[in-house]
Amino acid sequence: MTSPLVPRMVEHSTSIFAEMSLLATQVGAVNLGQGFPDTDGPHELAEVATAAIRDGRGNQYPPAHGLPELRESIAAHQARFYGLGVDAGAGVVVGTGASEILQSALMALVDDGDEVVMFEPWFDIYGAGISLARGVRVGVPLSGPQLRPDLDRLRSAITPRTRVLLLNSPHNPTGIVMTREELEGIAEIAIERDLIVISDEAYEHLWFAGHPHIPISTLPGMFERTITVGSGGKSFSFTGWKVGWATGPADLISAVRVVRQHLSYVSGGPFQYAMAAGLRLPDSYFTEFRADLSVKRDLLSAGLSELGFGVLPSEGTYFLTTDVRPLGYADGLEFCRDIPHRAGVVAIPHQALCDDPAIGAPYVRWAFCKRPAVLQEALERLERGLR
């Protein structure tokens, strides 16, 4: 019997993250592949969620587009950090994680044959969302030894069929944070070609010294054409709560709402109260959050460098990228399938996140959002396994 799965979704039947996590379980490996913290976020947010359950405020359906309290906190957050004036009533939508918001935006705005242009490598759900929308994905390789946006290649990739530019900064999997100059060049192209921008900013608060995150919607002429996606799970280390949101002009957010309400409808009532409180935390929380992650980044970066990896500087996110060729591996996929057995550590190959495997072939992504003891254990295992 042939598979009942529709042809356009066949390529999404498996995920490199599922493959590597299963392998980690099978061999008892330290999993530096999956990007989730191994410690909880602020205790006071857990208390808010618990109180919402106990008091009966969060146990039934919340409003379809998000609790008013949360939507107001999201709008206030955009004003506080970025100077953006967002309408909490019409310019915000809340969903089941940033993932649902991204997929809703793609299905709302992309029609049969419309092209979605994005930098390559990309997070794997982007490809699935474009297929769900019956769109066509167009990859633009990040270029050079530091994997930066190439604006000339971006401009040449856009055709009359291009509808959406899907942007991600801070960038998963590379760990780069796009500079103001890079974003201004991207904005110029988006305006020139009249593109809608979906800006995945799930890691907006996870940037490191010297590399501040700049939302592209803050640039002239961009707010009115940009859907900005945020993640409570990433900002507050409660990834299992699955609360995400989008902000932007009313017409674009209205389109996202139409699709999103027919997916999960609503979710996470108690957690929405907690995320509203999280967005009101003082600046010191976000500063200390970045400082803690910086220490972990530096620990893993230094250790991998000492082991002979070519380490690319991580400017943001949970991730850093290494080149495995100095260790004698032909490509990252070979390395990632071999090293769990040799050393008991799991990572993610970039080439699994590219249409053209050659683009990401040498590179491997490592997650450093783990306790220092776990990172040290992984480094010790790699040292033994690579001898």
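Tutor: Helices α4 and α9 are roughly perpendicular to each other, a label used for angles of 65 to 115 degrees. Helix α4 (residues 97–109) packs against helix α9 (residues 250–260) at about 105°, their axes lying 8 Å apart. Here the axes are lines fitted to C-alpha atoms over the stretch in contact, and angles run from 0 to 180 degrees between N-to-C directions. Helices are DSSP runs of H or I with at least four residues and strands are runs of E with at least two, numbered from the N terminus.

This is a predicted model, in which local features need pLDDT of at least 70 and side-chain atom pairs count only at pLDDT 80 or more, while totals for chains, interfaces and linings use all residues. Residues are numbered from 1 along each chain as its sequence is written, and side-chain values use heavy atoms, with hydrogens and water left out.

From α4, the contact (heavy atoms within 4.5 Å) draws on Glu100, Ile101, Ser104, Ala105, Met107, Ala108 and Leu109. Facing them from α9 are Leu252, Ala255, Val256, Val259 and Arg260. By class, the contact residues are nine nonpolar, one polar and two charged. In that scheme Ala, Val, Leu, Ile, Met, Phe, Trp, Tyr, Cys and Pro are nonpolar, Asp, Glu, Lys and Arg are charged, and the others, Gly among them, are polar.

Tyr265 has a positive phi, near 65°, although it is not a glycine. Tyr265 is partly exposed, at 36% relative accessible area; that class lies between buried (under 20%) and exposed (over 50%), with a 1.4 Å probe and protein chains only.

The peptide bond from Glu120 to Pro121 is cis, with omega near 10°. Arg134, in the loop between α5 and β4 (136–141), is another non-glycine residue with positive phi, near 65°. Arg134 is partly exposed too, with a relative accessible area of 47%.

The largest nonpolar core has 69 residues, and Leu70, Phe236, Leu300, Phe335 and Trp366 have the most contacts inside it. Such a core is a set of buried Ala, Val, Leu, Ile, Met, Phe, Trp, Tyr and Cys residues joined through side-chain atoms within 4.5 Å. Helix α11 (residues 283–306) contributes the most to this core, giving six residues.

Methods. Parallel < 35°, antiparallel > 145°, perpendicular 65-115°, else oblique.
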